[in-house]
Amino acid sequence: MTASRRANRAGLAFVSPTFIVVLVVVVLPIAWTVLLAFQKARLVDIQGMGLFGNWSLDNFAQVFDSAGFWSSLGTTLLYTAGSTLGSVVLGLIAALALRKPFKGRGLLRAAMLLPYVAPVVAVAFVWEVALSPQYGVVNDWGKRLFGWDDPIAFLSTREYEVHLLGLHFDIPLALLTVIVFECWRYFPFAFLFILARLQAVPDTLEEAALVDGATPTQRFRHVLLPQLMPVIALLCVLRFIMTFNKFDDVYLLTGGGAGTDVAAVRVYDFLTARYDVGAAAAQALVLAASLMILLGFYFKFFGNKVQEEA
Amino acid sequence: MTRKAALTRAQFEERFFGVLRWFVIAFLAVITVLPFYYMVLLSLKPIDALLLDPGSLWISAKDFTLSTYRDVLRSSEDGGQGFLKFLLNSALVSLGTVVLTLVAAVPGAYAVSRLKFFGHRQVSALFLAVYLFPATLLAVPLFVIFARIGLSSSLVGLAIVYVAQTVPVSIYMLKNYLVTIPPSIEEAAALDGCSRLQTVRKVILPLALPSLMATGLYVFMIAWNEFLFALLFLAADPGEWTVSLGLAQLSNGIEVPKTVLMAGSVVLTIPVVLLFFAAERLLTEGLTSGADKS
């Protein structure tokens, strides 16, 4: 037996336990979801049902026809794009600020990871209490410092009228609040990765730019940013995927009300409120398909660019 | 003349960003620490003190109370919320998940990092592709399967679901570390007569210990903090609730003061934050290793 064949055999032997676990708990359930999406299936009659049977496209018709499907998809997109962009930009700013050593940097670096490592249920409740119109610290200080007339219900106001320079416009307040929460919770993740990359940028690059008389903004734009671009692109993709499928943050903060009905919460509602497994599966499948289409576009248009930058 | 103008622009920027940097640092410190300070602060107050002065960021000596914690931790028979039991449930599920995940991930990570077997590139991509599918998508079939085989309200079922969620990222983290171990070490072990399995057990695993710990810690965090599946599978059975679920259900109770809710949040947060600070360096390096080489 040649060495390469031995390696081949050993490799397959080593990978198979892992592969079987992933197959059983991930791949098979997903495959079954695809089947369920094309069947009429409620939780009660699923017990006696075979794997295949009464095929129909009713679930998809129901998903696309149901009130609020398209607006929910729009909300999900807005929520995902806003949260991704916000957390990556904030993470980048944080990484730049903490790049050079100062007293207490190690401590602050560790403290900044708190929002990311703390349980979502706990931090969601802290935000809920802090933003509460009745007993929240934010509204109390808003009244004292900015003279707010009425307390603002951040998490249950769909449209908030803002007067700015004589103009009136409505902002989707609850959705914005949820996006800000996401940025707060996930900027440490971006910060970690960008800082690690930032510290691997060779000093000589910046020194050369400094000798050439480049200002800090120029050094950032032409020296650091190209170095960071690959990791930033990777973070954007990762955060986009994770946020698109996110359920708990929105569910805990608003319950999906006040214009924050992201698609993941709708799947949960289909599943638990109506026990309509088929419709839930169809909705989840549509969600996954939309995500893949978006990612396909991303890699088609920006994939090459990212490669070049790298 | 132009040279001088350029210099002043550079000087201005240096100074401007020098000052701005400290504002950013202060801002970051405030937004990350303040919410947690607020959480602890409220958990030590009686509800009347909160309602009387919601804006207070301090606590007077006469208001200070630990009764919120007593209320949260005491078992439900004694009129409390039974969080001690939930803590135990969470610890069991999380530790079980860590052990099962590592057992499942280590051989795969080793194979992907070392052995040029047929399809080794595709396999690692396949593992990561799992994250393309929303957890809610997995939730539907698992919900049905578990309802069918009677695992739907048990901690074992929950641990299995968590393994599914954490195996892919564990393989990724372990693999990034394993590729940095020089193959010559393994060759030396092979020359000394170790079989492949012995090499992994006696040479690779001890060398990969930091990475194993970092990965285990990360998995523990995910399992401890998880909420959706706990809600789906265990909601009907209060005896099996994890702390996250117990806290969420507590907030639905009408008669529960917000200060007690905050005490519950502190109880939920402390174990994972303590663990994190104990091993922060390990974890951040384990997570981002590979990111600085791209």
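**Figure 1. Packing of helices α10 and α13 of chain B.** Helix α10 (residues 209–225) of chain B packs against helix α13 (residues 258–278) of chain B at an angle of about 165 degrees, and their axes are 11 Å apart. Helices are DSSP runs (H or I, at least four residues) numbered from the N terminus; axes are lines fitted to C-alpha atoms over the stretch in contact, and angles run from 0 to 180 degrees between N-to-C directions. The structure is a predicted model, in which local features need pLDDT of at least 70, side-chain atom pairs count only at pLDDT 80 or more, and totals for chains, interfaces and linings use all residues. Residues are numbered from 1 along each chain as its sequence is written, and chains are lettered from A and ligands numbered from 1 in the order in which they are written. α10(B) and α13(B) are therefore roughly antiparallel to each other, a term for angles over 145 degrees. Their crossing is left-handed, that is, the near helix is turned anticlockwise from the far one by less than a right angle, clockwise being right-handed. Leu217(B), Phe220(B), Met221(B), Trp224(B) and Asn225(B) of α10(B) meet Pro271(B), Val272(B) and Leu275(B) of α13(B); residues are in contact if their C-beta atoms, placed from the backbone, lie within 7 Å. This contact has seven nonpolar residues, one polar and no charged, where Ala, Val, Leu, Ile, Met, Phe, Trp, Tyr, Cys and Pro count as nonpolar, Asp, Glu, Lys and Arg as charged, and the others, Gly among them, as polar.

**Figure 2. Packing of helices α7 and α10 of chain B.** The axes of helix α7 (residues 155–178) of chain B and α10(B) come within 10 Å and cross at roughly 155 degrees. α7(B) is therefore roughly antiparallel to α10(B), and the crossing is right-handed. Residues of α7(B) in this contact include Tyr162(B), Gln165(B) and Tyr177(B), while those of α10(B) include Ser211(B), Tyr218(B) and Ala223(B). By class, the contact of α7(B) with α10(B) has nine nonpolar, five polar and no charged residues.

Figure 3. Residues 203–221 of chain B are 95% helix and 0% strand, with end C-alpha atoms 28 Å apart. For residues 260–279 of chain B, the end C-alpha atoms lie 30 Å apart, and the span is 95% helix and 0% strand.

**Figure 4. Contact between the domains of chain B.** Chain B is assigned domain 1 (2–72) and domain 2 (82–293), with bounds from an automatic or database domain assignment. In chain B, 12 residues of domain 1 are in contact with 11 residues of domain 2. On the domain 1 side, α1 (2–43), α2 (47–52) and α3 (67–73) of chain B each supply at least two residues.

Conventions:
Contact = placed C-beta atoms within 7 Å. Parallel < 35°, antiparallel > 145°, perpendicular 65-115°, else oblique.
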